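Work through the exercises below with the model open. Try each task before you read its solution.

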Amino acid sequence: MRLRHIKGAEETIAESPYVVQEPKANKGRWHEFFGNRNPIEIEIGMGKGKFIMELAERNPDINYIGIERYSSVLLRGLQKRAKLDLKNIWFLRLDALELAEVFDKDEVSRIYLNFSDPWPKDRHAKRRLTSDRFLAVYDQFLCPDGRIEFKTDNQDLFRYSLESIPEAGWRIDAQTSDLHNSGLAEGNVMTEYETRFVEEGKPICKLIASRG
Ligand code: SAM
């Protein structure tokens, strides 16, 4: 998702009470930051943040961090956030490649990747959030029993991920190419993109991966 640049987005984000401005300073101290020992779950590429804000409302005993690299997109999420009364969610404007500088070993319990950009050209494969390059980043801060939950409508990206994830030494614990008609549908929270694709009748793929 890349919205047209919104004038003043950077300034608004820099002043937002919902954004952690210096996230690298919290490395190894996120539980202190939240003021509890509750698990920390992150969504990378949260877009406008519907999914992660709904999770935060449903699960007050889990801490959530939404990550988005584009200011104009994050800004939309912040507008939504301002209408909610939540203590367990924060946002970072950041590229996922920098995440090992933000989170310490075992600091994160779960990583959500929802409708990540497919980068269809082979020469851009390294930009896919399920490529070995990003898996090596996640490996540095995900708990030993932590997991990645990945949803996509894109069959090619799904097929690619079913190969790239085991090749990087991770295990696929569950998968479906029709989430909404599968056992994995229970408790599913829809993202913005997912809502649109489901309305169009497109099947949604999902996999859950761990280090086994
Ligand atoms: N997750 C949302 C949903 O399902 O509705 C948004 C999906 S949108 C197609 C993908 C989002 O991931 C975009 O907003 C994009 O800016 C963000 N993104 C892609 N690569 C990223 C990266 N390396 N770091 C942080 N965000 C990224």
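This is a predicted model, in which local features need pLDDT of at least 70, side-chain atom pairs count only at pLDDT 80 or more, and totals for chains, interfaces and linings use all residues. Residues are numbered from 1 along each chain as its sequence is written, and side-chain values use heavy atoms, with hydrogens and water left out.

**Exercise 1. The ligand site**

Solution. 
- Step 1. Glu68 places a polar side-chain atom 2.6 Å from a ligand oxygen. Asn114 uses a backbone N or O atom, 3.0 Å from a ligand nitrogen. Glu192 has a polar backbone atom 3.3 Å from a ligand oxygen.
- Step 2. Check the cover. Alone, the ligand exposes 600 Å², and the protein buries 98% of that. Areas come from the Shrake-Rupley method with a 1.4 Å probe.

**Exercise 2. Helix H4**

Task: which residues of H4 are buried, and what covers them?

Solution. 
- Step 1. Locate the helix. H4 spans residues 71-81. Helices (H or I, at least four residues) and strands (E, at least two) are DSSP runs, numbered from the N terminus.
- Step 2. Apply the cut-offs. Buried means under 20% relative accessible area, exposed over 50%, and partly exposed in between (1.4 Å probe, protein chains only). By this test, 8 of the 11 residues in H4 are buried. They are Ser71, Ser72, Val73, Leu74, Leu75, Gly77, Leu78 and Arg81.
- Step 3. Name the cover. It includes helices H1 (9-15) and H3 (50-58), plus strands S2 (63-68) and S3 (89-93).
- Step 4. Zoom in on one residue. Val73 counts as buried because its relative accessibility is 0%.

**Exercise 3. Thr152 and Asp153**

Solution. 
- Step 1. Thr152 belongs to strand S5. Asp153 lies in the loop between S5 (142-152) and helix H6 (155-167).
- Step 2. Classify them. Thr152 has 1% relative accessibility, so it counts as buried. Asp153 has 17%, so it counts as buried too.
- Step 3. Find their polar partners. The Thr152 side chain reaches the backbone nitrogen of Asn154 at 2.9 Å. The Asp153 side chain makes a polar contact with the side chain of Lys202 at 3.0 Å.
- Step 4. List contacts (heavy atoms within 4.5 Å), leaving out residues up to four places away in sequence. Thr152 touches Phe115, Leu157, Phe158, Ile204 and Cys205. Asp153 touches Phe115, Phe197, Lys202, Pro203 and Ile204.

**Exercise 4. Lys24**

Task: is Lys24 buried or partly exposed?

Solution. 
- Step 1. Lys24 sits in the loop between H1 and helix H2 (30-34).
- Step 2. Classify it. Lys24 counts as partly exposed because its relative accessibility is 36%.
- Step 3. List its contacts. Beyond four places in sequence, Lys24 touches Glu98, Glu101 and Val102.
- Step 4. The C-alpha atoms of Lys24 and Leu162 are 31 Å apart.

Technical notes: Contact = heavy atoms within 4.5 Å. Polar contact = N/O pair within 3.5 Å; in protein donor to acceptor, adjacent residues only side chain to side chain.
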